[in-house]
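Please examine the sequence and the structure shown here. The briefing that follows describes how two parts of the protein chain meet.

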Amino acid sequence: MTALRLPPAYHLISLERAVSTNDEARALAEAGAEDGTLVWAREQTGGRGRRGRVWASPPGNLYCSLVLRPEVSMAEAAELSFVACLGVGEAVGSLVPPMVPLRYKWPNDVLLDDRKISGILLEAKSGAKGRPDYVILGVGINVASHPEDTATPATDLAELGAPGLDVGEVLQAFARHFMTWAARWVEDGFGPARQAWLARAKGLGEPISIVNEASRLEGRFVDLDERGALVLELPGGDRRLIAAGDVLFAG
Ligand code: BTN
């Protein structure tokens with residue numbers, strides 16, 4: 001593509017290869033990198049997913065991590081994963097044909113045509129007064145290929161009618177849409193992002209299971225609370241706030 005055009009708030013560090021862009025971004029943050037530092041690698045040799053999973057990272061897909069230094073509490077910083085979902089969702093939605101359905105799967109997967117197109121890994125270091133010293137927002141988007149052997153079926157942009165995309169073009173789209181949502185989050189808080197996420201939430205109002213290492217909980221997905229926890233209605237009618245876990249849908 002022609003030169004990458006990113007909004008000036010980003011400071012791009014472009015690498016051929018990294019073990020994990022989240023690790024690169026964290027090392028930079030520890031060394032004092034400023035808010036908006038964006039690490040992009042063409043491939044990763046040790047890409048990481050949520051809950052210690054491997055994120056397969058061959059060339060052709062997007063792997064990037066953003067250093068953020070938001071002036072909020074640690075709890076509020078966790079909302080950034082939903083803000084990132086919206087940035088990713090709107091970016092990929094703008095790149096595929098309009099009829100491809102876009103959904104968000106709690107906590108932070110983006111689905112196109114009911115399959116996973118992107119994963120988001122938010123890691124934060126706590127600083128003074130309960131605020132983050134920094135937050136690393138890692139984003140992977142399947143552009144040219146996707147893994148076949150994943151628990152949640154995956155897809156890629158090429159398969160969905162957007163072949164031959166330059167990865168830089170996808171990075172540019174994500175950077176722009178994320179910036180719009182991040183600015184809105186800073187201005188107006190989590191409310192607008194929460195509403196936009198809920199409007200496309202997969203399984204809302206339906207029976208789901210929440211699976212953790214040691215437990216499985218059945219119930220109905222009734223809401224997202226004002227901090228991003230999933231509100232699960234148990235069979236007896238009680239409500240439980242779920243902060244972590246994997247969602248399985250009925251059927
Ligand atoms: C998940 O769905 O489990 C989250 C996957 C996050 C993958 C991205 S790719 C860029 C960044 N670097 C990593 O090692 N992981 C994140």
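This is a predicted model: local features need pLDDT of at least 70, side-chain atom pairs count only at pLDDT 80 or more; totals for chains, interfaces and linings use all residues.

The chain is divided into domain 1 (11-199) and domain 2 (207-249), with bounds taken from an automatic or database domain assignment. Between the C-alpha centres of the two domains the distance is 23 Å.

**Basis of the values**

- Residues are numbered from 1 along each chain as its sequence is written, and side-chain values use heavy atoms, with hydrogens and water left out.
- Local features need pLDDT of at least 70 and side-chain atom pairs count only at pLDDT 80 or more, whereas totals for chains, interfaces and linings use all residues.

**Buried area**

- The size of an interface is often given as the accessible area lost when the parts come together.
- Domain 1 and domain 2 bury about 1300 Å² between them (accessible area lost on being put together, 1.4 Å probe, summed over both parts).
- Carbon and sulfur atoms account for 54% of this buried area.

**Salt bridges**

- Seven salt bridges are counted between domain 1 and domain 2 (a side-chain nitrogen of Lys or Arg within 4 Å of a carboxyl oxygen of Asp or Glu).
- Arginine 194 and aspartate 223 form a salt bridge through their side chains, at 3.1 Å from N to O.

Methods:
Buried area is the accessible area (1.4 Å probe) that two parts lose on being put together, summed over both.
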